[in-house]
Amino acid sequence: MANNLQSKPVQCALISVSDKTGIVEFAQQLQQRGVHILSTGGTFRLLQDQGIQVQEVADYTGFPEIMSGRVKTLHPKIHGGILARRGIDDETMRQHAITAIDLVVVNLYPFQKTIAQPDCDYQTAIENIDIGGPTMVRAAAKNHQDVTVVVKPEAYSSVIDAMDNMQGIPFSMRQKLALQAFQHTSAYDQAIANYLSDVISTADNTQQISDKFPDTLCMTFSKSFDLRYGENPHQKAAFYKEVSNSRATPEPSLATASQLQGKALSYNNIADADAALACVKNFQEPACVIVKHANPCGVAIADTLLEAYQRAYTTDPTSAFGGIIAFNQEVNRDVIDAILAQQFVEVIIAPSFTQAATEALSNKPNIRALNCGMWSSAPSPYLHYQRVEGGLLAQDADLSVIAQPNISCVTDRQPSPQEMQDLLFAWQVVKYVKSNAIVYARKQQTIGIGAGQMSRVYSAKIAGIKAADENLVVKGSVMASDAFFPFRDGIDAAAAAGITAVIQPGGSMRDAEVVAAANEAGIAMVFTGIRHFRH
Ligand SMILES: NC(=O)c1ncn([C@@H]2O[C@H](COP(=O)(O)O)[C@@H](O)[C@H]2O)c1NC=O
C-alpha cells in the first residue's frame, strides 16, 4: 500500500478526445515535461498540426483504425499498457513490446448531445455510442494504483500542477479521478439505456406495466448546486437535475429555470416553487398561484395577471407573507409593483418578465426571480418518485384533467353555469393541495383552503375559518374535495358555511347519505370518478 500512496510520474500519455477543448495546450505542457504522447486519428492530426510530437495509436500497435473508427484503440498493446500491474506484469510487457501508459486522457463521443438534436435519427444515435473510449477509461480507472485517468478538460491544469509540484500524480488524486471516471461511464451507459427504452416505448403503445417499471431502476442526476441547508438548518442538502434522456427539450421546471436575481435558492424555495409552478401550469387564462409550505394559499384566474394576483392574494394575505408566487404569463411592471407594495415574497416564478418588471424587481435585490420559459399545453407523462426508507415508490404523475362532459350530477339540482365554471376551477386547484384537501372557490378565485388534515371534515372547517378570518364571504361559493366524503358531516359543514355546489370523486359506501345531505341543503353536487390524493 505504501507504494500506492506515492506520486506516479507520467512518461507516456494516451490522448483520444471528442471534446477537444484545451487539449492542444495540455498536450504542449505534457510535451514540455518530456511525456511521450500516443493519440487516435482526429486527435492525432490536430496535435500534429499544432507542431506537437505525437505517435499515432495505429503506428504504435501496428494495426490500422478500421470500420470507420469503430475499432481504433481496442488492442492488447493499448489495454496491456493501461492495465499492466507495475512490478508484476513487467516481463509480459517486455515480451509483447508493450509500453506502460501512465495517463489516459479520453472523453467520449457526445451521445447525449447527439440525441438531443431534434433531427437525430436512430443510426446516428447508435454510431455515437462510444466503445473504445469507455473501455480505456474503465481500464485506467481500475488501474489507478499506477495510472491517472482524465475524462474532463477541467482537470488538465491540476494534472500539470501535480507533475510540477508533487513529482507526479499523488494517489489521492488518481483515486478521485478514477471515481469521476466511473461516474462518467456509468452516466453515459445510463443515457444510452434510457434512450433505447424511450425508443422502444414510443414505438410500442401496447406497453406493459413491467416496461414502465423496470426490474432495476437506474436514474442519473447531476448536481446543479449545493444548498445552504435542507428542509431544516441541521440537514445538509444539494439540488440535482435530471440528466435529460429523451430526445425532446425538457419541460420548463425548477431544474431548467434561470434565476434573474435574488438570494440563493433554498431547499424549501425549490420545493414550494415546484408546487406553485405545477399548479399554475394548469390554467390557460391569466393565473396566479401563491404557495406556502407546498400548499396553495391563494389561486385565481382573471382577465389580467395583475387582477389574478390581487385576487389570489386576497384569499389569505396572512399565509401569503413570505410565499412563493407563480404566474403562467409574462410578468409586467404593474404586477411587480403590486406585489412589492403589499407583501414580502421569497420567490417569483414566471415564463418571462418584461424589461420594466426586472428593473422594478432590482430595487429589491433579495427577491429570487426565476424565468422558466413557456411550457407546452399538454405535458408529456412522467413518473413521480417518493423515497421511503430502504426503497422508492414510483407512480405515474397525476396529470389527469377532467372536463365537464366527464362529470355526472348526482343531486336533484344541477349546477348553474357559473357554479360549473367554479367547480372546474376548484377541481384544478384541489389537485395541488395536500390531503385531505378542501377548496372553497367563487368566481374563479379561492375563498378558503383546508389542507393536510387527517380528517376531511376538519379541512372543510378550516377552509371556512380561513375565509371568515380574511372577511371573505363563503355564501355562494363552491367546494372541491380531493376524495370522497365518507360521511355526510363534511357536506353539512359546507352547507352551514353557505356552499351551493360540490365537486368530488364519489365512490363512498355512504354516497347515498352524502347525496341526501346535499339535496336537503339544495346543494348541486357532481362526481368526477377521479381522486386526487397528494401527500
Ligand atoms: N473504437 C475505438 O477503439 C475507440 N477508441 C477511442 N475512441 C473514441 O474516439 C474519440 C476520439 O477520436 P479521434 O481522436 O479520432 O477524434 C474519443 O471520443 C474516444 O473515446 C473510439 N471510438 C469508439 O468506440
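Where is the place of F527? F527 sits in strand β21, residues 524-527. Helices (H or I, at least four residues) and strands (E, at least two) are DSSP runs numbered from the N terminus. The model is a predicted one, in which local features need pLDDT of at least 70 and side-chain atom pairs count only at pLDDT 80 or more, while totals for chains, interfaces and linings use all residues. Residues are numbered from 1 along each chain as its sequence is written.

**Domains and cores**

The domain assignment of the protein gives domain 1 (12-195), domain 2 (252-371) and domain 3 (404-527). Such bounds come from an automatic or database domain assignment. Between the C-alpha centres of domain 1 and domain 2 there are 48 Å.

A residue is buried if 20 or more other C-beta atoms lie within 10 Å of its own, exposed if 12 or fewer, and partly exposed in between, with C-beta atoms placed from the backbone. A nonpolar core is a set of buried Ala, Val, Leu, Ile, Met, Phe, Trp, Tyr and Cys residues joined through C-beta atoms within 7 Å. In soluble globular proteins, nonpolar side chains tend to be buried together.

The largest nonpolar core here has 92 residues, and A276, A426 and V439 have the most contacts inside it. Helix α12 (residues 267-280) gives the most to this core, with 8 residues. Both domain 2 (252-371) and domain 3 (404-527) give residues to this core, so it lies between them. Another core, of 39 residues, lies apart from it and has A13, F44, I101 and V105 among its members.

Two residues are in contact if their C-beta atoms, placed from the backbone, lie within 7 Å. Not counting residues up to four places away in sequence, A426 touches V439, A441, V478, M479, A480 and I503.

I270 is found in helix α12. I270 counts as buried because 20 C-beta neighbours lie inside 10 Å. Leaving aside neighbours within four places in sequence, I270 is in contact with F239, L254 and L265. I270 and V243 are 27 residues apart in sequence and 18 Å apart in space, C-alpha to C-alpha.

**Ligand shell**

How many residues surround the ligand? There are 21, and the closest are G41, G42, T43, G132 and G133. A residue is near a molecule if its C-beta atom, placed from the backbone, lies within 6 Å of it. β1 (12-17), α2 (41-49), β4 (103-107) and α8 (132-142) each supply at least two residues of this shell. α2 gives the most, with 3 residues. By class, the shell has 7 nonpolar, 11 polar and 3 charged residues. Here Ala, Val, Leu, Ile, Met, Phe, Trp, Tyr, Cys and Pro count as nonpolar, Asp, Glu, Lys and Arg as charged, and the others, Gly among them, as polar.

**Helix faces**

The buried residues of helix α15 (residues 333-342) are V335, I336 and I339. They cover an arc of only 95 degrees around the axis, which puts them on the same side of α15. The arc is that of the directions from the helix axis to the C-beta atoms. What covers these residues of α15 includes α13 (305-315), β11 (323-327), β12 (345-350) and α16 (355-361).

In helix α20 (residues 511-521), the buried residues are V514, V515, A517 and A518. Seen down the axis of α20, they fall within an arc of 155 degrees, so they line one face of the helix. Their cover includes α19 (489-497), β20 (501-504) and β21. G522 follows α20 and has a positive phi, near 70 degrees.

F527, in β21, is partly exposed because 19 other C-beta atoms lie within 10 Å. Not counting residues up to four places away in sequence, F527 touches I407, S408, V410, Q504, P505 and G506. F527 and T304 are 223 residues apart in sequence and 31 Å apart in space, C-alpha to C-alpha.

**Backbone exceptions**

Most residues other than glycine have a negative phi, and most peptide bonds are trans.

The peptide bond from S435 to N436 is cis, with omega near -10 degrees. N436 lies in the loop between α17 (417-430) and β17 (438-442).
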